[in-house]
Amino acid sequence: MVTTFRFRPCARITPEERSTTVTNPTERRLAAQIAANTRWSRQDGVTGTEAARRAFADSFEAAVDPDGVLPVQERARRAEAARRAHYAKLAHRSVVARRKTREAREAEARAAVALQAARRTGGAA
């Protein structure tokens with residue numbers, strides 16, 4: 001039996017659809033993908049993520065001034081420094097991860113070359 005999905009842009013999920021339990025990871029991923037695409041078809045992405053972006057930005061202010069005692073300008077300056085430090089840490093982690101990947105790939109290539117040479121000469125690797 002083939003089940004087809006009919007896109008209903010204005011319809012809500014019916015109780016029957018909601019009660020269906022999806023246990024297969026592939027179906028779960030597809031269901032989430034359908035839900036996300038349906039949401040973004042109804043809502044602008046900028047306004048849809050505005051609250052999350054604002055909360056993320058506010059988290060830096062909360063981190064540098066948890067008690068709220070600093071002047072507004074000083075809190076904003078420190079929050080901006082904390083935000084820059086956060087993104088610098090992410091960049092550093094990215095550099096380290098890329099280097100490890102590159103080194104592992106190079107080590108694998110060296111091992112493959114050594115194995116081929118050993119096979120050609122009849123010696124042990």
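## Exercises on a helical model

The accessible surface of this protein comes to about 10,700 Å², and carbon and sulfur atoms hold 57% of that area. The model is predicted.

**Exercise 1.** Describe the secondary structure of the protein.

*Solution.* Start with the elements: there are five helices and zero strands. Then read along the sequence: the pattern is α-α-α-α-α. Now turn to burial. Of the 125 residues, 7% count as buried. Last, take the contacts with a separation of 6 or more: residues 24 or more positions apart account for 32% of them.

**Exercise 2.** Check whether the span of H5 agrees with its 50 residues.

*Solution.* Locate the helix: H5 covers residues 72–121. Look just past the helix: Gly122 takes a positive phi of about 80°.

**Exercise 3.** Decide whether Arg75 is buried or exposed, and find its surroundings.

*Solution.* Apply the cut-off: buried means under 20% relative accessible area. Arg75 has 17% relative accessibility, so Arg75 counts as buried. Ala79, Val96 and Ala118 of H5 are buried too. Ask what covers these buried residues: the cover includes helix H4 (50–64). List the contacts of Arg75, leaving aside neighbours within four places in sequence: Glu61, Val64, Asp65, Gly68 and Leu70. Finish with the polar atoms: one in the Arg75 side chain lies 3.1 Å from the backbone oxygen of Leu70.

Key: Residues numbered from 1 in each chain as written. Predicted model: local features only at pLDDT ≥ 70, side-chain atom pairs only at ≥ 80, totals over all residues. Heavy atoms only, no water. Helix = DSSP H or I, 4+ residues; strand = E, 2+ residues; numbered from the N terminus. Buried < 20%, exposed > 50% of the residue type's maximum accessible area, 1.4 Å probe, protein only. Polar contact = N/O pair within 3.5 Å; in protein donor to acceptor, adjacent residues only side chain to side chain. Contact = heavy atoms within 4.5 Å. Areas by Shrake-Rupley, 256 points an atom, 1.4 Å probe, with all protein chains shown as cover. Expected span 1.5 Å × (residues − 1).
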